[in-house]
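Please read the points below with the sequence and model open. They are notes for a reader meeting this structure for the first time.

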Amino acid sequence: MTISWMNEVDKRKDDILKELQQLIAIPSVLDESDADEEAPLGKEVKRALKYLLDAGVASGFNSKNVGHLAGHLEMGEGDDLVGILCHVDVVPAGNGWTYPPFEGAIENGRLYGRAAIDDKGPTIAAYYAMKIIDELGLKLNKRVRMIIGTDEESDWRCVDHYFKEEEMPTIGFAPDADFPVIHAEKGILDADFHLTQFEPDEHAPKIEMHTFHSGERYNMVPDYAKAELTVHAEQTYLLQEYEEFLKEHELKGDFYVKSGLLTMELHGKSAHAMEPDNGLNAGILLLRFLKHFELDARARTFAAFADKYLYNGSRGIALGIAGKDEISGDLTLNTGLIRFDEKDTYFGINIRYPVTYNMDEKLEWLISEMKHHHISVNVKDHSRPHHVDGNDPFVQTLLSVYEKQTGNKGELLAIGGGTYARSLEKGVAFGALFPGREDVAHQKDEYIEIEDLLKATAIYAEAIYQLACEKQL
């Protein structure tokens with residue numbers, strides 16, 4: 001039996017676009033100030049979940065709301081379960097949009113709106129893929145379940161709760177990242193490195209550092225740093241040297257004095273922590289500059305640690321934790337937070353390590369080693385690596401479908417980021433961003449190419465067919 005999946009998708013093009021516009025029109029941003037027992041993440045998030053569950057019921061799927069944090073739509077029968085893991089929560093729209101963020105405007109072959117590519121567009125593509133299978137009357141020998149999350153953009157409370165209550169799919173994919181197939185995701189560890197002790201000043205320092213602040217998230221390279229200082233001697237020399245430093249390194253910065261307090265600012269370049277070398281860490285650079293002056297003992301120890309262990313330290317070599325493997329590449333290290341004030345002093349560090357790396361053993365060594373440098377390591381969060389063998393028939397099936405529908409070679413991808421797929425015991429990320437396309441997720445004027453939306457729908461439909469349907473000659 002030969003099925004033209006793109007023809008089936010094209011027949012439903014108008015319905016697909018309309019459905020996506022209606023889902024985008026719900027501003028499903030986390031809002032716990034508007035929460036109650038039946039809407040734990042806010043009423044708009046609840047409305048988005050209800051919209052998709054109600055649509056599924058109207059299409060004849062079995063539907064279940066799981067604690068108002070997640071839900072699912074299911075079709076088919078059998079012991080095995082194929083999962084499709086999506087989410088309907090979105091990040092805030094922000095300002096500066098050309099198109100309204102919650103309307104789904106269509107122009108120049110694109111559909112614009114918050115979550116058009118992350119993840120309402122791919123969710124609707126997968127939903128219509130299920131509808132196509134059902135409407136064609138194809139016999140399923142497995143159950144196919146779309147699992148709908150509502151907290152992917154924050155703390156993943158949706159899937160945490162869901163899999164406490166519901167069964168884990170036998171196999172599954174998340175249409176919440178890139179094509180062709182992401183089969184390996186590094187482990188991700190966030191830890192605070194606190195300065196616990198320092199040698200006292202033997203004489204009055206020329207510079208006292210009162211505060212230092214850089215970065216807001218572990219998973220981003222800080223693009224701004226600010227230090228507040230009292231300079232007791234040679235302030236003009238310090239500022240002249242700072243201007244030379246900015247010029248030499250082609251950086252932007254500023255300084256000003258108010259009520260005897262010198263404030264120094266430095267601007268770097270933001271980047272995702274999965275590749276810190278794509279950014280310029282403003283905090284580490286400013287500390288590197290200040291290290292060369294006569295700081296107070298606490299600040300001097302703090303800046304010296306940053307310069308020795310964290311400057312140009314994206315592979316963790318100076319800390320002694322470097323590692324790599326053929327599957328997922330190098331360990332990466334990002335200093336995402338830097339805090340220094342009278343109460344506490346620490347670096348917030350994000351480590352992304354290869355799938356074969358023994359983090360438990362290395363972390364134990366690192367904690368012990370850092371004590372010798374008067375540094376206390378406090379692990380804040382730890383997500384283990386996720387890996388599905390690229391030769392697994394499940395993965396090979398998805399690659400084959402991708403190649404058939406696109407005419408392009410299907411390649412296995414390994415990433416430093418974390419996708420929804422790591423919520424599954426045997427799951428991969430599968431689209432919906434095609435190679436070469438601009439990734440506009442979380443940006444103003446987020447969009448999905450309509451051509452890509454339809455192509456993804458065809459890919460998902462054939463994937464379901466190959467994974468879960470009885471083949472008819």
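1. Basis. The model is predicted: local features need pLDDT of at least 70, side-chain atom pairs count only at pLDDT 80 or more, and totals for chains, interfaces and linings use all residues. Residues are numbered from 1 along each chain as its sequence is written, and side-chain values use heavy atoms, with hydrogens and water left out.

2. Salt bridges overall. The whole structure holds 36 salt bridges, a salt bridge being a side-chain nitrogen of Lys or Arg within 4 Å of a carboxyl oxygen of Asp or Glu.

3. E166 and K64. These two form a salt bridge with the closest N and O atoms 2.5 Å apart. E166 sits in the loop between α5 (157–165) and β7 (171–174), while K64 is in strand β1 (residues 62–66), 102 residues apart. Helices (H or I, at least four residues) and strands (E, at least two) are DSSP runs numbered from the N terminus. E166 is buried at 15% relative accessibility, and K64 is partly exposed at 37%; buried means under 20% relative accessible area, exposed over 50%, and partly exposed in between (1.4 Å probe, protein chains only). Both residues belong to a network of salt bridges that also includes E74, R143, R145 and E167.

4. D360 and R384. Their closest N and O atoms are 2.9 Å apart in a salt bridge. D360 lies in helix α9 (residues 359–371) and R384 in the loop between β19 (375–383) and β20 (386–387), so the bridge ties together parts 24 residues apart in sequence. D360 is partly exposed at 45%, and R384 is partly exposed at 43%.

5. D392 and K426. A salt bridge of 2.7 Å, N to O, joins these side chains. D392 is buried at 15% relative accessibility, whereas K426 is partly exposed at 28%.

6. Negative patch. E241, E243, E244 and E248 gather on the surface in a patch of negative charge. Such patches take residues with over 30% relative accessible area and no salt bridge, like charges being joined within 9 Å. E248 is in helix α6 (residues 235–248) and is exposed, with a relative accessible area of 63%.

7. Open sheet. Three strands pair antiparallel in the order β4-β5-β24, where pairing requires at least two DSSP bridges between two strands. β4 (106–107) and β24 (447–449) are at the edges with a single partner strand each, so one side of each has no neighbour in the sheet. Three bridges join β5 (residues 110–112) to β24, and R110 has E449 in β24 as its bridge partner.

Key:
Patch = residues over 30% accessible without salt bridge, like charges linked within 9 Å, V, L, I, M, F, W, Y side chains within 5 Å. Areas by Shrake-Rupley, 256 points an atom, 1.4 Å probe, with all protein chains shown as cover. Lys, Arg positive; Asp, Glu negative; His and termini not counted. Charge placed at Lys NZ, Arg CZ, Asp CG, Glu CD.
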